Amino acid sequence: MEKFIITAFIVCIIISTVLLLFVIVSVSKNKTKQERELEDREQEEFMSSLRKTE
């Protein structure tokens, strides 16, 4: 019975670690996507300001 409890505890730790890693990866991907969109917007604004000065 004791081995079963220990095994279940270890399995729970492994599952929670995997879920935590998945959340961290998805959040970082989302962050980089937002940063890319922001850079694209800034570049578009810069290009449009260059066109206006010409």
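This is a predicted model: local features need pLDDT of at least 70, side-chain atom pairs count only at pLDDT 80 or more; totals for chains, interfaces and linings use all residues.
Local features require pLDDT of at least 70 and side-chain atom pairs pLDDT 80 or more, whereas totals for chains, interfaces and linings use all residues. Residues are numbered from 1 along each chain as its sequence is written, and side-chain values use heavy atoms, with hydrogens and water left out.

The chain contains one helix and zero strands (DSSP runs, H or I of at least four residues for helices and E of at least two for strands, numbered from the N terminus). The radius of gyration is 24 Å, well over the 10 Å that the globule rule gives for 54 residues, so the chain is more spread out than a compact globule (C-alpha atoms; rule: 2.2 Å times the number of residues to the power 0.38). Along the principal axes, the C-alpha atoms fill a box of roughly 80 × 5 × 5 Å.

Of the 54 residues, 0% count as buried (under 20% relative accessible area; exposed, over 50%; partly exposed, in between; 1.4 Å probe, protein chains only). Aspartate 40, in helix H1, counts as partly exposed because its relative accessibility is 43%.

A nonpolar surface patch comprises Ile6, Ile10, Ile14 and Val18, with about 360 Å² of accessible area together; Val18 lies in helix H1, residues 2-53. Glu35, Glu37, Glu39, Asp40, Glu42, Glu44 and Glu45 gather in a patch of negative charge. Patch residues have over 30% relative accessible area and no salt bridge, with like charges joined within 9 Å and nonpolar side chains (Val, Leu, Ile, Met, Phe, Trp, Tyr) within 5 Å; a salt bridge places a side-chain nitrogen of Lys or Arg within 4 Å of a carboxyl oxygen of Asp or Glu. Accessible areas come from the Shrake-Rupley method with a 1.4 Å probe, and for residues only the protein chains shown count as cover. Asp and Glu count as negative and Lys and Arg as positive, while His and the chain ends are not counted; charges are placed at NZ of Lys, CZ of Arg, CG of Asp or CD of Glu.
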